[in-house]
Each structure stands twice: as structure tokens, then as C-alpha cells.
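Please look through the sequence and the model shown here. The report after them describes some of the parts in short sections.

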Amino acid sequence: MSAAVMPAAAPTERVESSSGEAEIAYVSYGGEQHLPLVMSLVDAELSEPYSIFTYRYFVYLWPQLTFLAFDAKEGKCVGTVVCKMGEHRGAFRGYIAMLVVLKAYRGRGIATELVTRSIRVMMESGCEEVTLEAEVTNKGALALYGRLGFIRAKRLYRYYLNGVDAFRLKLLFPRLDLGLPPMMMGDERDDQLIDSPYL
Amino acid sequence: MDPKMDSGIERSGYYSIEEAIEDGIAPVPLSLDRTLDIQRTLDVIDHLFSCEATWHKGHTLAQTVFTCIYLMKMERISSHAVLNSFCRILRATCNAVVAVVSTARTHEEEDLFTMSFGLPLKDEGDDKCLSVLNSVEETVSRQLRACKSHALSKRKTLEGLESLQDNPDVEEGYCRALLCRLRFRKHFHHVVTCLRRPHGRGLDLARKHVASCLSELSLMLKSQEFLKSQSNITLQQGDESCTTASGCRPFGFDVSLNSRLMSAAPPRAVKILTWSDALGYFEKLLRDLDVICSLSLDPVLENVLHFIAQFQKSVPDLVPRAFLQTLLVQDGKLYGRDLFCDVISRALSLPDIIGDKEFQMNEFVVQLGQLVINLLKILCTNTAWQRRKLGKSLQDWSTISIQLELALKREFGETRNVLDHENMCMRVSKQLLVWTQEQTYWVASRFLILGFELDLYSPSEYCMVYWYMHVVFIKLIEKMQLRILASNENGSARRKGKKKKDHSKDSARDAAFSSSCLLLQCYVLLSEGLSMLLAVLRNEGKSFLLPTIFNTEQERFLQHFDLLQKARIPEHITYYSFKESAAQAHMADVMKYNFFKEIQKIIPSLKGSFASEPEKLAELRQIEQVAEHNRIALNIINSVGVGDPSLRVSFEFTHHPHFAVAVVKRS
């Protein structure tokens, strides 16, 4: 990773939407007071059932990977991302467990912002890759993650309880120790400009 | 506890079967009014039909077929001839199908199918189920004949005690409705039994029963109008959810009865397929089984692989796939008949080796035999699982190739002037190596192709995928040609003094090989053409760019082709090989080489070669369409100018499942 890493985002950061819509504030998971907000969002919007033990598992062990988005004016929680990371078959891997944005707030890049923050923390923590599952019919999620560099690594037949297939999406971070190209030929390794502000 | 997690929260049923029975949920007879009784019996039959289809689609028996109290407690219905005979044969058929699928070994998400914790799937009396059904069928059939003759003589009363119910005006309708359902059950049971016969001996007979099943299915559909007209309108379910022909909800089912049995199954009640969807499912199932019945027990491996690949195109469900697999591999032999070492020696075009003990015992041949068995089994699974396993198997194929190569070098090195026998051994070993490499590339090509069918590639990745595909296809052709060359050498050694008819057999085989190579050549041209076109669009048109926020194209290349790269398929191919090739793609070159035009030159002769093979002809037509559309698209892009900002190019799979067609629009 590049040495010029941006300083970690302040706990609360306001991002003003260019279209003049509601200002969104992004907050890192701060404690028990955030848990019911996360739970009610996920329960309401996602199809898979989770118990409270599931939520606690994620937010207690990896609070730095959970982010919430608030409508600053109304003080309402409108989106959240819940993740984990750890050793998996010899690789240090991040996993995006849940990503939700209230219907009325979709299409404004809130989900992208939430996920991007989480991935950045994973990257800085030394993860080699990030993975998640998404329904094959979830065009929105597939486009979002595709734009961030995830590939569809596998298709999982009838993965969900409603019989729908899933894709396992994976993002592989660049590795510094990969074999260098024949530098003598004058090949530029970085001719594809990595132009993200997150690196 | 969250109701989504614990099915116990949603109490909609009874705590035990006895409680349900006591509450009158499953009366025997279903009504004292004989007309109502037969109506309700038909509803039970239809709902069981829908449950059976739902089970096949990937749920547990406990949540589908065995939600039927009559089926769970068969001793209660021994006095009800129709229901008893029907349930008995249904249960026997389910048991047989579970056995076949268990033998084939299901995986992961399909494991639910064979789960039958403590369910009464089998009983002593079940082997007599056919004769029990036959006697009921006989009775109803006689009754139907009597109805027809009554109708002719215009008599108003029904004679004899064998009527289904008491209203003579509707007796014929009910007889017909019941008869086709009983006959469907009978023929379906025969299909399952015949397909289970070893060595594919029952295929012809199975095919006849499949045809009978299909005609009974259409009679079942015809009966719907009558049954609907007879049923109580207030009791009818909505069209979107009705699981019976009459539209009425059936007696005798409770979805939560088995909830304590099903510890490993998902907690929610399953949505049972509608009756018309169930009809659709069984129709597809029977057509897929019909294809399997057309299996010619061809001992040539290449043809077997082709058959399976073709069969998978219709996306068959678990049950037909399991039948195919158990037919292909039984007792470690092809069709339960041919040793795989003989299958391999036939593939090497070495008939003299068939039965040769030394060849059979050779460690490589034994390992290769096992790899072929695994390959056949993998090819019969659902495509999602199949692709993962094919990818993993590449390492095994590659390893054995390397070992064969090393053994060859070790044994024969660079020596010339070898003895005749050693010469023969060397030739066999060489051919074995070439054949192994060919199979490896075949597996690799299928792995890549399936990615399109599973929608695993995004448009910005097509360039690298088609590039890798063309590389693999080129190697596949190379190995195929080496194999033909080697077998011709063998052939000429044997051919001295052979009769004419053997010559024509050899030349027929050569022609088949060369048309296979030509078809692969079409694939190479299509892949290369598409890859270059996409590279040009990126280089000069700045479209189909990959996002570069967290990673680069290199990471995506490594991920997609990780298994191939690890197995060195092919060797010396890296991301940089692709990058260089793509960077050098310019419009002028693409127009100069005009891959799509080249394909159009090859196709006419291929059409002649495939004249007697409708499936191959169909694919040729698709390839022709793809080539033509892309050739035109290329011309348009070239004339407008690839950098023109008004140009919008997208890629659609409108003509061929793996080869895209460029669609050019101007905004």
C-alpha cells in the first residue's frame, strides 16, 4: 500500500450531498447505544434472519468495522455496514456481513461511502482480501461492489432460504511482494493510476 | 426468540399427529358423501403431486410430501382403496428416487433432498404397490367403460358396486380424472425402476414409460376444467397459490407436524409449488429423462463428455442429473460395463492395448481412470458446484501430466535405437501424456466457459477472459492434433496388410477429428476477435475500463485465473502476457486480421461435416450469427471512429451463451 495514507477519518464526518439533499453524517460504531439502530435497520430491510447474538458478535469484536450513516438534520440512522475480519485458510480476510440503507435514501452513494470506509480500515489493518455474498438478483449491490473492484469469484446454488443463488464477491488488495515486471523493459507498474483518495 | 429463527414461535399446527387426527384433520373416508369423498381424494392426490415437485426442487421430504397425514399413517387408509394404492406407490417411488440421488451423492445445497429423518419411507407391503395399483386401475377402467356404454344407452342409474360415487352424470368425469392420475403414477414408477437397471438395460423401456407419463400428464391438465366446475367456488384458493386442479384446499395436510424431526432443515414452512407449476416441473423432468434414455452407451469417452455437456444445456434439475450420473458410473466402470483403463486405451486409439494387464496395472493409468470417474461425476452436478470442482481438479490433471513427462524422460530419455517393445512402450506413454494434456485443456476450457453461463464475468473483464480462452483453445487444438498424429502413426503401423473397411473406419475417425479441430478453430477466432475488439475499445475508446479504487486489473486477472495459473495451464502465461497483448491492440490490426470474417470461411465445410448432427449444426448457426453481427459491428465502429464520443458499444449474449455480440448505438 502507498505510504501516503490519509489520516483516519474523525469519528463523525459530515459529507454534504452535491444535490442539496439531506446532509449525511458518518459515524463509527460507538457502543451499545448504536446496537438497536443497527438491528432495526437490518431486521427491517434484509431477508435473512439474525438473532441478537449475531449482531453482538460483530460489533463487540470489530467495532472499528461497523459504520452508521445519519440524516444529520433529522438525527435518524439511515444506513449501516457491519463487518468482521480474521484468518481464513491462511489469509487475513475481511468480510462484509450486512449493508443496509433505508429505501428513501438510496441512490445517493451512502452505501458506497459506508462500505468504502470499512474496506479502508480492513486494508489498513492488513487484510489481504475482502469477501461477501450477494443475491444474484441484487443488481444494485453487484454494481456497487463491482465499481470498487470486487469480482464474482463463485456462484453458490440456492444459497438463500428463498432458493435464490448467491455470488461470492471478492476483492483482492494489491500485494507488494508480487513478482515485479521486467523493469529493464521500461514497463511502468503504475501506469494504471490508482487514483483513489483512500490510498 | 425471533420468529424468523424459531419455527416453534409460529404455532399454526398441532403438537402431534394424533392430536391432528383427533381433531378431524384427516378423516377416513374423506367424506361420507361419496361424491365429496372422490373430490377430496383427488385434491389430496393433486396436492401430493405439487408437494413432490416442490421436494424435487430442493426441499425436504418432511416439509413437502410428508406433510400428508394420510401418508404418515398409512394403516388408517387401508380401507380406502384409491388413496391407499396411490399413497403406497408414491411412497415407493420417493424411496427409489432418494436411493438414486443418495448413490450419486448430493452436495451442499442439494443435501436437503435426501434427508428423511425417521419418516416412514418404506414398508413391507410396498413391493406389492404396483399390483395394488393395477387392481384399482382395472376397477376404475372398467367403470369408465361402463359409464361410456351407459351414456350410449342413456340409462340413468349406475349399476354395480364399483362406482366411484353416486351421481351418474359426473361419474365419467371423475373416472377419467382419477385414471390418468393413477396411470401417471404407475408409469412414473416404471420409469424410475427401468432407469435403475444396471448397464443401461432398461433405457428403451423407460423411454416408452416416459412417453406414457407425458400423455397422462396432458390428460391430467384436461381434467382441470371438469374438476373446477364441480368444486365449491367459496372453497377455492387463488390462482397464484392453488395446489390442486379443482382449486380447493386439500384435506389431511399439516405443515408443522414434522418440525421437530427436521433439526437440520431451514425453519420456515416451504411454499408449495402451484399445481400448474408442478405439471410444468414434471414435464421438464420427463423430457430430461427422455434425453437420458437416448444414451447410446457409446464407449468413446469424447462422445460421452460431449453428451453430458449437451445435456447440461437444458439446465436439468437434481433428479435427472443423479440418474445420468448413476447410469454413467456404476461399480467403478463406465455404464457398469467398461473398465476405465479400457476407455482410456480406446481414447488413445490403441485397440491392441485393451485388456493388456500391464497397461491396466500401470499406476498412471489407474490414477487417470480415477480422474476420469471424478470428471464424469463432477460434470453431472449443478453448474455452480461443477465449475468450482472442475477448477480444483485442474491441479490433479496438471500434476499427473508433469509426472508422466518426468517418467517418460526418465525411462526413455534421449535414446534412439530402442527395441521394438520399448518403442511400443514409449509410444504408449507419449500418447498417454498427450491425451492427459488434452483432457486438462478440455477441463480448463469448460471451467472458463461455465463462467459465462454462471454470469461470473462483468463486461470490463470480458477482454481478459476471452484472451485466456483463446490461449486455452489454441493449446487444446495443439494437443488434439498431436493425438491424431500419434494415432495415425500407430494406424499406419497396423494398417499394413489390413482390409479396406478398416481404412474407411480410420478415415471416418480422422474426418471427425478434423471437424472437431475446425470447430475449436472457430472458438479461437471468436475469442481472439472479441478480446482484441474489447482491448481496442479500451485503448482507443476509453470504454470498458476497470475501476482502480482499491486494486488494479492485475488483481482481477489473478483472481479469475488463479486455479489455472497455479496448475500452469498453460505454462509461461502470466498477467503481463495479457497486458502486453492487450496494449498492442489497435483498430488497424483488428480490421486487418478480421477474425470474424475468417470464421465465415470455415463454416460452410463444417456444416457439411455436421450434417447428421442437429445439435452441432444448431451451434454452428449460432456461431455464424455471432461472427456476422460482430463483423458488421466492427465495420461500423471503424467507420465512425473508435474514439468517437457518440459511440456506445455493449455486449450481449443474444445468439450464443458464451460468445457475445457487440451492439453498437450512437447517442
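## Terms and basis

Axes are lines fitted to C-alpha atoms, for helices over the stretch in contact, and angles run from 0 to 180 degrees between N-to-C directions. Helices (H or I, at least four residues) and strands (E, at least two) are DSSP runs, numbered from the N terminus.

This is a predicted model, in which local features need pLDDT of at least 70 and side-chain atom pairs count only at pLDDT 80 or more, while totals for chains, interfaces and linings use all residues. Residues are numbered from 1 along each chain as its sequence is written, chains are lettered from A and ligands numbered from 1 in the order in which they are written, and side-chain values use heavy atoms, leaving out hydrogens and water.

## Two helices in chain B

Helix H4 (residues 81-104) of chain B and helix H6 (residues 168-195) of chain B have axes that come within 10 Å and cross at roughly 25 degrees. H4(B) is therefore roughly parallel to H6(B) (angles under 35 degrees count as roughly parallel).

Residues in contact (heavy atoms within 4.5 Å) include Phe86(B) and Ile89(B) of H4(B), and Leu182(B) and Phe188(B) of H6(B).

## A sheet in chain B

Chain B has an open sheet of 3 strands in the order S1-S2-S3, with antiparallel pairing (two strands pair if DSSP finds at least two bridges between them). The edge strands, S1 (329-330) and S3 (338-339) of chain B, each pair on one side only.

Strand S2 (residues 333-334) of chain B pairs with S3(B) over 2 bridges. Lys333(B) has Leu339(B) in S3(B) as its bridge partner.

## Tyr26 in chain A

Tyr26(A) is part of strand S2 (residues 24-28) of chain A. Its relative accessible area is 3%, so Tyr26(A) is buried (under 20% relative accessible area, with a 1.4 Å probe and protein chains only).

Technical notes. Parallel < 35°, antiparallel > 145°, perpendicular 65-115°, else oblique. Buried < 20%, exposed > 50% of the residue type's maximum accessible area, 1.4 Å probe, protein only.
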